Amino acid sequence: MKRQIFVLLSLATLVVFLMAWAADSRKEWVGIQERFNARAAKPEPIGIRQIMVAPLNRIDRCTTCHLAIDRPKAAQAEQPFTAHPGDYLKSHPVEKFACTVCHAGQGLATTVQAGHGEVRHWEQPLLRGALVQSSCAKCHGDLETIKAYAPMLVRGRQLFKEEGCIGCHALHGFGQTVSVDLSEAGSKNLHQLDMTFVKGPHTLSQWLYEHFKDPQRITPGFTRQELPQGEMEIAPTAMPNYRLTDEEAQALTIYMMSLTDEQVPGKYVKSLAAPEPPITTENAVAYGRAVFDKYGCVGCHGQNGQGGRNNWNAVDGQQVPALTYVKAGYTKEALKAFIARGSQPLAKLDPHGPSPSLYMPRWQEKISDEELNALVEYLYRLAPDETASAAPTP
Amino acid sequence: MNSLKKTKLWKSMFRHDFQDTPRTRLQRVFGNVFLHLHPVKIPVDALKFTYTWGLGGISFVLFFVLIVTGVLLMFYYRPTTGLAFRDMKDLEYAVTLGTFLRNMHRWGAHAMVMTAILHMVRVFLTGAYKPPREFNWVIGVILLTLTFLMSYTGYLLPWDQLALWAVTVGANMAANTPVLGNEGPFSIVTPLNDVKFVMLGGTSVGEAALLRFYVMHCIAIPFIAALFMAVHFWRVRKDVFSRQTGEKVDVWPHLVSRELLATILTLLVLSIWSLAMNAPLEEMANPTVTPNPSKAPWYFVGLQELLVYFDPWIAGVLMPTIIVIGLMAIPYVDVNPKGVGRYAFTERKFAWSIFLFGTALWFALIFIGTYCRGPNWEWYNPGQTWSIRRISKLTLMNIPNFWGLILLGAYFLQGMVISPQWKQRCAVRLGEGPTRLACQGLDFGLGALMGAALMIPLIWTPEFFRTLGQSRNAPLMQSLFALRSHLGAAGELAMVGIVTVTALCFGLGAVGFGRFKDRLWGRLGLVKYAVVIGLLLLMASVPAKILLRLLFGVKYIVSFPTVSFNI
């Protein structure tokens, strides 16, 4: 009797161990490789494939399932057995680039979900669709050279300039400190983001996208009711809602995702970011207009300085002031001095509320005298004609 | 087979035959280096599963499993910050049976911590630590501590966020060690030479800490633990088994077969567990991003929960030290000879009550810390959804130091006792009755003083009373405040009444406690009494401080921020 129990229990333990072994040897990728072989002209040996690229710090096992990704002849019609679309792999051979440097995901993983990085505790999910364009900037710093291949990325950077983001955000040492530095916006850690109001999947790109579409919905701050008694409310984010179309928001998201902390080795760098072209115009007003755009004044003061951006709890109707009639209130010298000095903090509408999040930053060290003079000329011309004619001309 | 047994080779290996005779049964035990830690005969009652629950043996089996799986894991693991996490991923995705191996090691470690604790509880409840086995109990407490340390050092090795921050919680507690921790009270050290630095090899958890923990985990602590285990087992045999009734039977096969059975069962359960559940692995460790909440390993989460009520030098350093020393002291202060070798509550009511209370408190705190705490360490019911947007701020105040010191002093003076010799001397001069009255009066006075020192500062420190009375987290203060406002002019009188009644109750309680103290003193004598009453008061101070905070909104009883000394 006792002996039987021993034998039985030992057998049970052995069975559990064999089950573990069986589960281990029948992993998802084994079935996928068998599916490939069933239809392949020449069967592949069963086993994990990996591409190791030491300079990029990559060990990618994606080819365990994507067996024909760089062999169009062996490719099949169905995923994951297709060949890589386009001729990208000619210029980006897999032995040199592996996969995740462009596509993200979890290269070390060997299950479909984990490999695509669409699992908890993996912060770089597969860059699906146009999102993959964000990776191009790692090596192609001069985006104009890849405009045909990464149109959304280029569009995103263009929008970034047009909307004047630089007026509040810094990027690689250029720009202001009103809000966060965006130099590594694409490498932000998920623990640093509040996903409470994000409707889509809880990823960085989704957060960025929804935040671009409606910043105040994603970052609404805290009302007094939500906070402990006596605590000051926290204003919603000061990021203006630019009424972006879906495509524009996506383009900006892709541009943000391209700003990563990953440094590729020098020999991988195809081009560096092109410096801003110098402003070439004789006309002082046109020159001033270019300065207005260059420093992102438009971000807060609006196109042509017409204002309209919200600034919670600021006097002047809780808005950033329009610049249209600026010459009525300032002499040119006073205006120059004001721009150079900035104005912080702004006066509060409700003295018990939070300080307005937007303020006029200090430009003294960032702008040249020449630029400042031209800018003031431009601002003086913003007023409608009837007042302009009455204004003294220098 | 028989011809095989006649060969020289066989005979050189096995020095006895395998017939089931009394002689070979003995030979099997004392002729075998591993089995000879056993006696050759054992009382039949000691074999009963419901007596030992096999807990000590199972702990050892788990230790053995951990060594085997641990050595296998070492083939795949490199303890550097750049490679450790990658090696974890390799184990999960590329190594044959890697996930199963890691699960076995992880769950085995959790199980060993649990069985070691339960083994201690079992030994306590059956009085198995009583003479002549006191010293082996001490060894057991050391082994339990080493088990915690082995598990804690191993916790860091996966190098994910869970590991990094759990270890950071522990290391920050070490930084609060009195005198030798940079942030502790009366610190005499800097961040570059305090105990935290010694522990981590740096000021934060990094490359050096990973290597240190790796060496401690894989070599140093298991080696020391193995030594202590050898002593522990040897002493089990030499000190004679605690249950000594009935006839004796041969260890081979009766005990050895049961040990084998327990081994197989343990392996079976652990295998099923490892097949069913995967060990956690979060994002790669990132020292710049703190997960909210960050929790210590489960067996230390009770201490982390205590951080809500105590400064880290108490919760993270003083408490565990006193617990370990207190446990070691148990066999030397327990003079009750009864209740050895059986579960006998009625013979050891006091000992059982105190020990089970402490154990329950320990596990209750672990439960709260594990299941009821979310982001910002806010309270969430188990299963409730967490929200990082929920922030509540408690209104808490410190008792003024003058009253706080009186309160603290009166509390610990409750342990004082008037020895019978003194009482006799007094009785000679004053007579029996007046002496008894005087002693009771002293007890009463001390108790009343404690009650008064608690209530007076709460009510008659104006800012204190108003602030806490209008807060939302000090129910008793709120009621008192409401009562006084409601009664108007009579309010002050009512307050005086309440303080008087509180003082009276504390006084009467102290008189009752005095009788208990006299009895305890009579049984234990000076030194043992001092140890027992000290530990008792310290243990009771934990729920007392918790209540002070939950009911009255008291943060510190005494506070000297300049030397970081707050209680």
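Here is a short walk through this predicted model, one selection at a time.

**Stop 1: where the chains meet.** Start by colouring chain A and chain B separately. Their contact draws on 27 residues of chain A and 30 residues of chain B. On the chain A side, 13 of those residues are nonpolar, 8 are polar and 6 are charged.

**Stop 2: the domains of chain B.** Next, select 42-285 plus 308-341 in chain B for domain 1, then 401-566 for domain 2. The C-alpha centres of these two domains of chain B sit 39 Å apart. Where they touch, domain 1 of chain B supplies 13 residues and domain 2 of chain B supplies 14. The domain 1 side of that contact splits into 8 nonpolar, 3 polar and 2 charged residues.

**Stop 3: the cores.** Now show Leu62(B), Met112(B), Leu156(B), Trp159(B), Ala163(B), Ala166(B) and Val167(B): they have the most contacts inside the largest nonpolar core, which has 74 residues. Helix α7 (residues 98-125) of chain B gives this core its largest share, 11 residues. Zoom in on Ala166(B): beyond its neighbours within four places in sequence, it is in contact with Tyr155(B), Ser294(B), Lys295(B), Ala296(B) and Pro297(B). A separate core of 51 residues includes Val178(A), Tyr209(A), Ala238(A) and Leu252(A).

**Stop 4: a pair of helices.** Select residues 475-487 (helix α20) and 489-524 (helix α21) of chain B, whose axes come within 5 Å and cross at roughly 140 degrees. That angle makes α20(B) and α21(B) oblique to each other. From α20(B), look for Leu483(B), Arg484(B), Ser485(B) and Leu487(B); from α21(B), the partners are Ala490(B), Gly491(B), Ala494(B) and Met495(B). This contact has 5 nonpolar, 2 polar and 1 charged residues.

Stop 5: Most residues other than glycine have a negative phi, and most peptide bonds are trans. Here are some exceptions to click on.

- Pro131(B) and Pro132(B) are joined by a cis peptide bond, with omega about 10 degrees. Pro132(B) belongs to the loop between α7 and α8 (134-156) of chain B.
- Find Pro293(B) in the loop between α12 (251-276) and α13 (298-306) of chain B.
- His121(A), not a glycine, has a positive phi near 65 degrees. It sits in the loop between α6 (112-115) and α7 (151-162) of chain A, and counts as partly exposed because it has 16 C-beta neighbours inside 10 Å.
- Phe186(B) has a positive phi too, about 55 degrees. Look in the loop between α9 (161-174) and α10 (195-200) of chain B. With 13 other C-beta atoms within 10 Å, Phe186(B) is partly exposed.

Technical notes: Residues numbered from 1 in each chain as written. Chains lettered and ligands numbered in written order. Predicted model: local features only at pLDDT ≥ 70, side-chain atom pairs only at ≥ 80, totals over all residues. Contact = placed C-beta atoms within 7 Å. Nonpolar A, V, L, I, M, F, W, Y, C, P; charged D, E, K, R; others polar. Domains from an automatic or database assignment. Core = buried A, V, L, I, M, F, W, Y, C linked by C-beta atoms within 7 Å. Buried ≥ 20, exposed ≤ 12 C-beta atoms within 10 Å, placed from the backbone. Helix = DSSP H or I, 4+ residues; strand = E, 2+ residues; numbered from the N terminus. Axes fitted to C-alpha atoms, helices over the stretch in contact; angles between N-to-C directions. Parallel < 35°, antiparallel > 145°, perpendicular 65-115°, else oblique.
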